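User: I am new to this structure and would like a short tour. Could we begin with the strands, and with what it takes to call them paired?
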Amino acid sequence: MASVNEVYSALKSLANKDERGFITPKVFNTFTSIAQNKIFNDLFNEMSKAKTLRLRNVDAGGDKSYLKRLQEDLAYFSKTSGNIAVSTGVSSKPDDLARIISMKTSGLSTDVPIDIIYDEAKIDYITASNLSAPSTSSPVALISDDINIFPTSGIANIKVRYYKYPEGRNVSTGARTSSSPKYNAQNLGGATEVFQASTSVDFELPDHYVPHLVLEIGKMIGINLRDQDVFAYTSGEEQKQKQ
């Protein structure tokens, strides 16, 4: 996962190098979660572009496929809920839900997929139709503030597969944590800081998003860094770590 220490150090070093301001952990931590969510949401826009490239036979194949890379990156955030109770056709969304992938009934003799729609006018048409009216064998979900299941009776539980919002990772173990990414350091006086892994939290985005995080947090702080400088710096640091 993207190291909070690496992102902070790169941003601080590049900002100081160009005399564009001094970065403090407090200021940095204000924008870590916002920047990570911004990059996460951008992945879906990039996914749409990549699918268009694939349809035009422009996307490279195999491991060089842009679409494949995006799918692998988003897979980090894919999860399936446990049973979610349905009461008179209404079910709550998972707290960490970002985007729904699919949905199915749970607890019936045979669990079946649930068609998902977002258009309230369309659900009125479907429920009023004699041909397409929802049933327990062909249910429909309307996504609004809640999840509305049709038919409104006969389905007691559902399971949702979805993309969750990114959170943090334990620096030492890599385990997921509900805490936001955070850089903590012991100040030894002046500008001298020593990174404290035990009280810091890494990003959940994959490590190749380090330069993207540096650029995004820099923009939010008000420091406009050049893309080529950031990518060159982070690439150089990676090479040092491998030596």
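Analyst: Two strands pair if DSSP finds at least two bridges between them. Please note that the model is predicted. On that basis, four strands form an open sheet in the order β3-β7-β6-β5, and the pairing is mixed.

User: Which strands are at the edges of that sheet?
Analyst: The edge strands are β3, residues 90-91, and β5, residues 115-117. Each of these two pairs on one side only.

User: How many bridges join β3 to β7?
Analyst: Two bridges link β3 with β7, which covers residues 147-150, and the two strands run antiparallel. Within this pair, S91 stands opposite I147 of β7.

User: What is the order of the strands in the sheet with β9?
Analyst: That open sheet has three strands, in the order β10-β9-β13, with antiparallel pairing. Its edge strands are β10 (176-177) and β13 (201-203), each of which pairs on one side only.

User: And what is the bridge partner of G168?
Analyst: The partner of G168 is T177 in β10. Strand β9 (residues 168-170) and β10 pair over two bridges in the antiparallel sense.

User: Changing topic to helices: at what angle do α1 and α5 pack?
Analyst: Helix α1, residues 4-17, packs with α5 at an angle of about 55°, and their axes are 9 Å apart. That angle makes α1 oblique to α5. In passing α5, α1 makes a right-handed crossing.

User: How do the axes of α2 and α3 cross?
Analyst: They cross at roughly 150° and come within 9 Å. Angles over 145 degrees count as roughly antiparallel, and α2 and α3 are therefore roughly antiparallel to each other.

User: Is that crossing left-handed or right-handed?
Analyst: The crossing of α2 past α3 is left-handed.

User: How do the lining residues divide into nonpolar, polar and charged?
Analyst: Seven residues of the lining are nonpolar, one is polar and six are charged.

Definitions and conventions: Residues numbered from 1 in each chain as written. Predicted model: local features only at pLDDT ≥ 70, side-chain atom pairs only at ≥ 80, totals over all residues. Heavy atoms only, no water. Nonpolar A, V, L, I, M, F, W, Y, C, P; charged D, E, K, R; others polar. Axes fitted to C-alpha atoms, helices over the stretch in contact; angles between N-to-C directions. Parallel < 35°, antiparallel > 145°, perpendicular 65-115°, else oblique. Left-handed = near helix turned anticlockwise from the far one by under 90°.
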